[in-house]
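The sequence and the model come first.

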Amino acid sequence: YSVIQKRVWVHFQTVWLAKDMKYNSYVALKVQKSAPNYLEAAYDEVEILEQVSSYWKKDEWMKSAAGYLQLEKKEDANMDSCFCVQLLNSFLHFGANGKHFVMVFEIMGVNLLDIIRRYDYKGIPIPLVRIMAKQILIGLDYLHRICKIIHTDLKPENVLLSLTREQIEEIKAKSQLGKRINFPIPVYI
């Protein structure tokens, strides 16, 4: 992975835009702090995320996704049909500040709180709310019914929008992601 740009930094982790040199694609690297309790939490998170990233192939979900998304046949469902972020890889990185657990995700766009702020906390237009609400509910159905996972921290900053084609092209052209907020969708939780 070739790190391009720091995207998020919070108390216990940072998220970096990176290029996957093996697959010639762009990814998000979530790097946990090196403290032992953060490492243990990361292992737990990966266990859950591996389920989320693989259970979309279950026949029960493929049938549901085909119905929800009005697909011609269940085989048209793919990992995007569950509206949950996908873990692509994970590994340990030994750096100057200790041992860090790194999770590799598909790159995502802004979160729902950023969209709420964009509309000055006065409400998102109803057509966008309908699209986002449907996708959030599909994602929660997938997590609960198929993965047997209950999302215990659902809030606007934990609902991510996927990048638009234009944003992906911007990354390819500039090797970075700008601050521009483009809309919708799909939404991932």
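1. The model is predicted: local features need pLDDT of at least 70 and side-chain atom pairs pLDDT 80 or more, while totals for chains, interfaces and linings use all residues. Residues are numbered from 1 along each chain as its sequence is written, and side-chain values use heavy atoms, without hydrogens and water.

2. Rings of Phe, Tyr and Trp (its six-membered ring) pair if their centres lie within 6.5 Å; planes under 30 degrees apart are stacked, over 60 edge-to-face, and the rest tilted. Because Y1 lies in the segment before β1 (2-10) and F91 in strand β4 (residues 87-95), the pair ties together parts 90 residues apart in sequence. Strands are DSSP runs of E, at least two residues, and helices runs of H or I, at least four, numbered from the N terminus. Y1 is partly exposed, at 38% relative accessibility.

3. W61, Y68 and Y142 are linked by ring pairs into a cluster. Y142 is also among the buried residues of helix α4, which include L128, M132 and I146.

4. Helix α4 (residues 126-146) comprises 21 residues and spans 29 Å from first C-alpha to last, close to the expected 30 Å, that is, 1.5 Å times one less than its number of residues. K148, with a positive phi near 60 degrees, follows α4.

Terms used. Buried < 20%, exposed > 50% of the residue type's maximum accessible area, 1.4 Å probe, protein only.
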